[in-house]
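Me: I would like a close look at a single part of this model. Please keep it brisk and spell out the cut-offs.

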Amino acid sequence: MGVAVIASLGTTTVKAQVFKAEEPLAHTYSIVARDPKTGEMAVGVQSHWFSVGTAVPWVEAGVGVVATQSFTNKSFGLRGLALLKEGKTPEEALAILLADDEAREVRQVSILDAQGRVATHTGDKCIRYAGHITGKNFSVQANMMLTDKVWPAMAKAFERSEGQPLAERVLLAMQAAEREGGDIRGKQSAALVVVKGQKSDQPWDDKTIDLRVDDHDQPLVELARLLKVYRAYEHMNAGDLAIEKGQMQKAMEEYGKAEAMFPNNLEMKYWHAIGLANSGQVEEAAKILRDVYKKDPNWRELTTRLPEVGLLDVSKQQMEKLLK
């Protein structure tokens, strides 16, 4: 099923099937950006459309990122990245994508490469208010906005946030868009994806952040919460790594930072306690574990299973204290 749209391309009127199942109506605002210090690249997007993160952002470490929206042509994502890998500049890639697209005037697309070069297109038939601003290592683009102040606010917020981590800068840009009214229809979904600037020999780790809010009354609020959770679990992972290296003090510091960010998170409290127990601080560990067990007794059962896989190394007497 689809909606036939009449799109005027220059002096020629073309009937284009621009809304169909594989081309969602992702009228939205987005940002593509690169951190020149780390080389990381990101796409952030928010829309009044279900699961916008499955349609708009396309990324590949060491290559670039693409945001394709308005009457979205999802093929622009993979095709755009493939063209960059062939050695095309973002401008060249964008020109190739649009050249044979009869619905180019209802498209909005931005391409950024690993060098920070960027090219963006806003079709003449994108629904008002629509536009984009490109800058050094970034582009912001929006269509069907409540006002024409949305994308300038995004650009300003991104530029002013220099020095912060890329993911946080992208989120700040989207929050600025929302303060100016955002999508005229409201809000429903959001996504934030970050990849490394260089492709590694472990491609499964090249996408460092991949957060999606598919359906929510306040998608950016939820996205901000998820990003905070992600940062907290970075500390948890650093704590785990420190334990592997026998750096117990470092592990406790990292677990403590995570727990401070989410003091009611049982997962974080629990592994902090286990780390304490393994470092000989059994009394302190037992105190934390009692609070965890009170809220969910299944964690006590988990504690009994840890010694058999080497994750808890305590005496029988110490184990009894940990299980009280």
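Leaving aside neighbours within four places in sequence, which residues is His272 in contact with?

Reply: First, the ground rules. This is a predicted model, in which local features need pLDDT of at least 70 and side-chain atom pairs count only at pLDDT 80 or more, while totals for chains, interfaces and linings use all residues. Residues are numbered from 1 along each chain as its sequence is written, and side-chain values use heavy atoms, with hydrogens and water left out.

Now His272. Its contacts beyond four places in sequence are Met252, Tyr255, Gly256, Glu259 and Ile288. Contact means heavy atoms within 4.5 Å. His272 sits in helix 7, residues 266-278. Helices (H or I, at least four residues) and strands (E, at least two) are DSSP runs, numbered from the N terminus. His272 counts as buried because its relative accessibility is 12%. The classes are buried under 20% relative accessible area, exposed over 50%, and partly exposed in between, with a 1.4 Å probe and protein chains only.

Tyr255 leads on to a helix pair. Tyr255 of helix 6 also takes part in the contact with helix 5. Helix 5 (residues 219-244) and helix 6 (residues 248-261) pack at about 165°, their axes 7 Å apart. So helix 5 is roughly antiparallel to helix 6. Axes are lines fitted to C-alpha atoms, for helices over the stretch in contact, and angles run from 0 to 180 degrees between N-to-C directions. Under 35 degrees counts as roughly parallel, over 145 as roughly antiparallel, 65 to 115 as roughly perpendicular, and the rest as oblique. On the helix 5 side, the contact residues include Lys228, Arg231, His235 and Met236. On the helix 6 side, Met248, Glu254 and Met261 are among them. By class, this contact has ten nonpolar, two polar and six charged residues. Here Ala, Val, Leu, Ile, Met, Phe, Trp, Tyr, Cys and Pro count as nonpolar, Asp, Glu, Lys and Arg as charged, and the others, Gly among them, as polar.
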